[in-house]
Protein chains: 2
Amino acid sequence: MAPSRKPLPTKPRAAGITDVARLAGVSTATVSRALMTPDRVKPATRDAVMAAVAAIGYTPNQAARSLRARRTAMVITPTISNVVFGEIVRGIDDALSDAGYGLIIGNLDNKRERESYFVDLAFAGQVDGILLMNGWMPKKDDRSLRDTGLPLVALNSAVDGPDIPKVVVQDREAGTEAAAHLVALGHRSLGYISGPLGSWVQNERWQGFCDGVTAAGLDLATVVHWRGDYSFAAGTAVAEEFLRQADPPTGIFAASDEMAIGFIKRIRQAGVAVPEHVSVVGFDGIKFARFCEPTLTTIHQPLQEMGRIGASILLEMINAPGAPQPEWTRMPVPLIPRDSTGPAPKRSRARRPVTVASS
Amino acid sequence: MAPSRKPLPTKPRAAGITDVARLAGVSTATVSRALMTPDRVKPATRDAVMAAVAAIGYTPNQAARSLRARRTAMVITPTISNVVFGEIVRGIDDALSDAGYGLIIGNLDNKRERESYFVDLAFAGQVDGILLMNGWMPKKDDRSLRDTGLPLVALNSAVDGPDIPKVVVQDREAGTEAAAHLVALGHRSLGYISGPLGSWVQNERWQGFCDGVTAAGLDLATVVHWRGDYSFAAGTAVAEEFLRQADPPTGIFAASDEMAIGFIKRIRQAGVAVPEHVSVVGFDGIKFARFCEPTLTTIHQPLQEMGRIGASILLEMINAPGAPQPEWTRMPVPLIPRDSTGPAPKRSRARRPVTVASS
DNA sequence: GTGAAAGCGCTAACAA
DNA sequence: TTGTTAGCGCTTTCAC
């Protein structure tokens with residue numbers, strides 16, 4: 001669609017910094033300072049400025065501000081349709097706007113091609129630092145975001161490089177804990193529903209789960225691994241496979257709550273009881289997990305906090321280039337036991353209607 | 001928190017419009033035109049510009065662009081934590097960015113005080129038009145957003161005024177349809193779980209529900225009205241009241257899916273079967289409604305589309321001031337029957353464990 | 001169809 | 001501590 005044009009450049013001219021300055025009897029520079037760095041102006045002056053600001057309802061123009069001051073960060077996110085990333089972004093935005101920074105949200109919308117646009121944006125010098133939630137280094141042709149020399153922080157998912165601080169949850173430990181939880185309940189045959197393969201988080205959760213499995217003395221080869229993508233739909237799709245299986249596992253760990261819920265929904269429909277026949281552990285701690293049936297045992301991620309921490313580190317890198325930053329910040333993620341997990345059934349095999357009928 | 005300062009204004013100077021102009025052998029004005037209004041540039045010139053743009057990976061600076069061109073709309077939203085508003089905003093943003101407009105999201109975060117900030121923003125002349133999703137005219141002291149003379153569109157909820165186009169769903173008809181659906185299933189005692197009282201949408205849904213009740217020849221006085229706020233928590237709170245009631249209704253209409261789900265979750269816990277004892281209709285059509293237990297009969301809102309339509313109307317008002325706009329755009333909202341509604345139980349009374357035991 | 005030139009509203013040297 | 005001044009990168013008259 002072609003851009004619509006505005007017919008007249010006439011505007012109901014509004015209060016600007018000059019108006020404030022005039023009213024307060026100071027220069028625009030002082031107004032700016034009073035607003036940006038209050039401690040660098042004499043209290044009396046500051047008060048006068050603030051009074052003038054309040055009097056005419058002055059609000060700084062963001063566009064002008066960021067054009068001149070260039071204080072903007074960018075976050076690359078795989079999608080914004082997923083609550084998980086949405087929450088992290090909120091945390092980031094909080095921390096950033098406290099520091100007077102703007103935020104450009106680079107939404108990949110799960111389409112890898114889109115990253116080239118954001119690479120251009122960075123090379124065009126329009127951002128001061130970048131948060132990576134996608135798990136890899138965005139490239140366009142032969143240029144990589146890393147070549148911009150801009151401060152980079154990986155969030156939620158790791159990105160290789162000693163100069164890239166990584167802020168993540170203890171995905172690995174969480175995976176292990178999920179396995180331990182299931183094993184402690186007596187489950188001996190386990191299953192795992194993955195996120196998109198190849199991603200760092202996904203690998204960690206899986207590796208951690210494997211650690212837990214072997215630590216319990218179980219044979220890794222017996223663990224069933226299904227492929228998912230974090231969505232409800234993936235959960236139900238995996239459920240179909242599960243239902244076709246001759247001797248499906250009784251303890252399942254899903255890499256997202258949505259998959260766990262979709263999975264449970266479908267297998268219950270087919271007559272499999274949760275947690276009587278099968279136990280399921282989710283991952284994320286979305287609010288919905290407390291209202292599904294049964295309530296979902298899950299691993300709770302401190303999403304907003306992750307966002308805030310990642311943003312703070314980025315700000316420090318911008319403000320003090322060269323100062324060392326912790327390469328890893330790994331936040332603990334508690335497992336919250338609810339009703340979707342329970343003692344393993346006597347027979348290792350999950351009972352499905354057909355099984356019951358023929359036995 | 002005091003803003004952090006950036007130490008050096010040094011920047012790895014990046015490709016700007018001047019670089020493109022030089023490379024393409026034209027002036028910056030022509031580059032700008034080639035990008036904004038391609039049809040006003042000779043094809044050959046345009047191609048040269050585009051080639052140059054691609055060659056150096058030029059990306060226009062948004063801040064500069066909007067500072068100069070001032071093409072920005074604002075949307076006032078009660079909260080962004082609610083998926084419903086989030087979806088509408090996505091639709092708005094789509095339409096707006098197609099037209100080269102930026103969007104300021106005015107999040108009230110359910111705190112009415114916050115509106116004054118956005119009133120200032122509007123008076124400061126920083127936006128060209130405003131979408132109102134909150135349902136009332138924001139004010140600060142004695143100034144109202146209306147006094148800005150800016151184009152205004154009410155979205156999702158109506159706002160009084162002949163000059164304010166309203167884009168809403170057929171809340172009233174939907175309420176009536178919900179009632180009709182329950183009545184058709186044989187329910188004679190009905191209940192309604194409201195949104196925050198006093199809001200337009202809320203009134204419409206309730207009025208429509210009342211219409212349906214009386215149309216069915218039922219006594220309005222028998223309809224139980226509970227107060228909610230669209231959240232899960234409200235649903236469970238209402239459920240508590242429901243459970244304490246001597247002779248609760250068997251057909252319930254909740255003004256949001258979250259409330260419906262919270263409500264169902266709680267009453268099932270107490271032994272009330274859905275839909276055998278009680279039928280519940282939700283409102284919104286969130287994706288979760290297909291994965292709760294039982295799946296939720298609900299009224300599906302075309303949220304993104306509403307957003308897009310509202311934005312288009314606003315754009316027309318900005319571009320052609322004075323041109324007439326439809327005062328009302330009322331979108332149909334289909335009721336989607338699922339498993340949370342079924343035939344009314346024989347006894348009008350919902351059976352709860354205690355009832356069963358004592359009968 | 002194109003170029004020259006004037007700012008949009010603000011911040012940050014630099015001076016005073 | 002404050003004011004003066006010079007732009008940030010772009011769009012848009014206005015003239016050609």
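The contact (heavy atoms within 4.5 Å) takes 58 residues from chain A and 58 residues from chain B. The structure is a predicted model, in which local features need pLDDT of at least 70 and side-chain atom pairs count only at pLDDT 80 or more, while totals for chains, interfaces and linings use all residues; side-chain values use heavy atoms, with hydrogens and water left out. Residues are numbered from 1 along each chain as its sequence is written, and chains are lettered from A and ligands numbered from 1 in the order in which they are written.

The area buried between chain A and chain B is about 5,200 Å², with 55% of it on carbon and sulfur atoms. Buried area is the accessible area (1.4 Å probe) that two parts lose on being put together, summed over both. Between the chains, 10 residue pairs (both at pLDDT 80 or more) are in polar contact. A polar contact is a pair of N or O atoms within 3.5 Å; within protein, one must be able to donate a hydrogen and the other to accept it, and residues adjacent in sequence count only if both atoms are side-chain atoms. The interface of chain A and chain B also holds 6 salt bridges, a salt bridge being a side-chain nitrogen of Lys or Arg within 4 Å of a carboxyl oxygen of Asp or Glu. B:Glu258 forms a salt bridge with A:Lys287, with the closest N and O atoms 3.0 Å apart.

On the side of chain A that touches chain B, at least two residues each come from H4, helix H5 (83-98), helix H6 (115-123), helix H9 (232-244), helix H10 (257-269) and helix H11 (303-319) of chain A. Helices (H or I, at least four residues) and strands (E, at least two) are DSSP runs, numbered from the N terminus. H4(A) gives the most to this side, with 6 residues. By class, the side of chain A that touches chain B has 27 nonpolar, 14 polar and 17 charged residues. Ala, Val, Leu, Ile, Met, Phe, Trp, Tyr, Cys and Pro count as nonpolar, Asp, Glu, Lys and Arg as charged, and the others, Gly among them, as polar.

DNA strand D is surrounded by 27 residues, of which A:Thr30, A:Thr45, A:Arg68, B:Ile17 and B:Arg65 are the closest. A residue is near a strand if one of its heavy atoms lies within 4 Å of it. Of the atoms of DNA strand D that come within 4 Å of the protein, sugar and phosphate account for 59%. Phosphate oxygens of DNA strand D lie 2.9 Å from a backbone N or O atom of A:Lys42, 2.9 Å from a polar side-chain atom of B:Ser32 and 3.1 Å from a backbone N or O atom of B:Asn61. The elements giving two or more residues to the surface near DNA strand D are helix H2 (28-36) and helix H4 (62-69) of chain A, together with helix H2 (28-36) and helix H4 (62-69) of chain B. This surface comprises 12 nonpolar, 6 polar and 9 charged residues.

DNA strand C is likewise surrounded by 27 residues, the closest being A:Ile17, A:Arg65, B:Thr30, B:Thr45 and B:Arg68. Sugar and phosphate make up 62% of the atoms of DNA strand C that come within 4 Å of the protein. A polar backbone atom of A:Ile17 is 2.5 Å from a phosphate oxygen of DNA strand C. Side-chain approaches to phosphate oxygens of DNA strand C include those of B:Thr30, at 2.4 Å, and B:Thr45, at 2.3 Å. H2 and H4 of chain A and H2 and H4 of chain B give two or more residues to the surface near DNA strand C.

Most residues other than glycine have a negative phi, and most peptide bonds are trans. The peptide bond from A:Glu293 to A:Pro294 is cis, with omega near -10°; A:Pro294 is found in the loop between strand E11 (279-281) and strand E12 (298-299) of chain A. In chain B, the bond from B:Glu293 to B:Pro294 is cis, with omega near -10°. A:Tyr230, which is not a glycine, has a positive phi of about 80°.
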